[in-house]
Amino acid sequence: MKKVEAIIKPFKLDDVKQALNEMGVTGMTISEVKGYGRQKGHKEIYRGAEYVVDFVPKVKLEIILDDSQVDGVVDVIVKSANTGRIGDGKIFVTPVEQVIRVRTGERGTDAI
Amino acid sequence: MNSGDIAWMLAATALVMFMTPGLALFYGGLVRKKNVLATIMHSFISLGIISILWVLYGYSLAFGTDVGGFVGGLNYLGLKGVGLEAGPYSDTIPHILFAAFQLMFAIITPALITGAFAERMKFKAYLIFTIAWTTLVYFPVCHWVWGGGWLGEMGALDFAGGTVIHINSGVAALACALFLGKRLGYGTNAIAPHNVPMTVLGAGILWFGWFGFNAGSALAADESAAMALFVTQIAAGAGAVAWIIGEWLYQGKPTTLGAASGAVAGLVGITPAAGFVGPMGALVIGIGAGIICYFAVVAKNRLGYDDALDVVGIHGIGGLWGALATGLFATAAIGGVDGLFYGNPAQFGVQALGAVVTIIFSFGVTAAILKVIDLTVGLRATPEEENMGLDLSEHSEVGYTW
């Protein structure tokens, strides 16, 4: 099992979710995060004082998948979250040791 | 007695009262989330503290029988003799109504200062400061201008408190900012407003209440009140537009906070002049206030003193501009006195003198009060408390649970 963690532009979330739904991904967890990479932040002005805000708002998706689904899901995210401009985000894939469904106690891929 | 005057002054008193919670929101939105309640509290609790002082001795020190032109006597202690009959300040409304109207001014003035020491003053120190400052600075200066003191006798024009309220609080704010020092992280960390919509709402409430503040200062439902109300609107609107044009040209973007700040600057500017100037004078005063206060605030960022919410730039500088502009644009056709542009340069001199003496007195006494508090209970929250936020450290509560 793998965890796919994708950091994307917030306004792309609906596109990504729809594309993943269409290919049969049944669940995901998202959070509003802030961070920066190559994309610069923005400037804010309050009463003449300028602040550079480095941390740019992003959305992080976390999806747990069976190994066989990973490549397809990554491709779909890359396609649906892409704008071609700097700041489109990153995807991390990491191994997951165990998944347990709280309600039934099922373990492994049955619990995904 | 005149029932029209009484009706208007009852309403105007309530309007001015509403300005203080408006100020609480105006300031509350400008601080960081962790200090929103402590900042709101500084304004809100003034409604309580000053009401008590006013009944006990405040009204007497401000409006009691004149003692040497400097302060009121003790003849109205406990509001003795201040009742349903007309008092010495108006023939057409009950004395107690005049006292109520003036109370609202005494409440908002120390609340204005709190913007200078926002996010770092201990609550206990704030309480002592507010009581001491209102007693030793506000009551005397109020007496000088409105209570039969030397400035009013000399002919200084201050319709609704440009000198008494705005220069006075702005200068005290400068003393506070210099004395308390900068907030932790000022100049290195981003210390940005946490809720500009709250601030704009507060500015709207201030604007609304200011009609009572300025037009109520006529103390009657009369022609002077009508003109005061109109010029209040013109100056506020012109101030908002002038500020955003200033920042648009200078920094590239017109900001919502700039519009709100400019409106308040325009209102401050017109305060002493309402009742003495006409609409065109108000237009110039409002535009001037918006531009001058904007650049005063920009200058603060360069000078590096941490007047957290720009009390000096908006109330001090705006009040000074208004006091001087009153000496320029006053016209006998409206308020019975001419200013420099209507052939009476002496009036400008009187206005300037009133401003200078108030600046010196307010700064000196405020600094002395701060020094005494610092040596006894201490002024500043500890660095741990400041980092945690005053909402938790001073009040054990938080503004937002998310």
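1. Basis. The model is predicted; local features need pLDDT of at least 70, side-chain atom pairs count only at pLDDT 80 or more, and totals for chains, interfaces and linings use all residues. Residues are numbered from 1 along each chain as its sequence is written, with chains lettered from A and ligands numbered from 1 in the order in which they are written.

2. Chain A, make-up. Chain A has 2 helices and 6 strands. Their order along the sequence is β-α-β-β-β-β-α-β. Helices (H or I, at least four residues) and strands (E, at least two) are DSSP runs, numbered from the N terminus.

3. Chain A, shape. With a radius of gyration of 17 Å, well over the 13 Å from the globule rule for 112 residues, chain A is more spread out than a compact globule. The radius is taken over C-alpha atoms, and the rule is 2.2 Å times the number of residues to the power 0.38. Along the principal axes, the C-alpha atoms of chain A fill a box of roughly 60 × 30 × 20 Å.

4. Chain A to chain B. In this interface, 8 residues of chain A are in contact with 15 residues of chain B. Contact means C-beta atoms, placed from the backbone, within 7 Å. On the chain A side, strand E3 (42-46) and strand E4 (49-53) are the elements that give two or more residues. That side divides into 5 nonpolar, 1 polar and 2 charged residues. Ala, Val, Leu, Ile, Met, Phe, Trp, Tyr, Cys and Pro count as nonpolar, Asp, Glu, Lys and Arg as charged, and the others, Gly among them, as polar.

5. H7(B) and H14(B). The axes of helix H7 (residues 162-180) and helix H14 (residues 345-376) of chain B come within 8 Å and cross at roughly 40°. H7(B) is therefore oblique to H14(B). Axes are lines fitted to C-alpha atoms, for helices over the stretch in contact; angles run from 0 to 180 degrees between N-to-C directions. Under 35 degrees is roughly parallel, over 145 roughly antiparallel, 65 to 115 roughly perpendicular, and the rest oblique. The residues of this contact divide into 12 nonpolar, 6 polar and no charged.

6. H4(B) and H5(B). The axes of helix H4 (residues 95-113) and helix H5 (residues 123-146) of chain B come within 10 Å and cross at roughly 120°. Ala106(B), Thr109(B) and Pro110(B) in H4(B) meet Thr130(B), Trp133(B), Thr134(B) and Tyr138(B) in H5(B). By class, this contact has 4 nonpolar, 3 polar and no charged residues.

Terms used:
Two residues are in contact if their C-beta atoms, placed from the backbone, lie within 7 Å.
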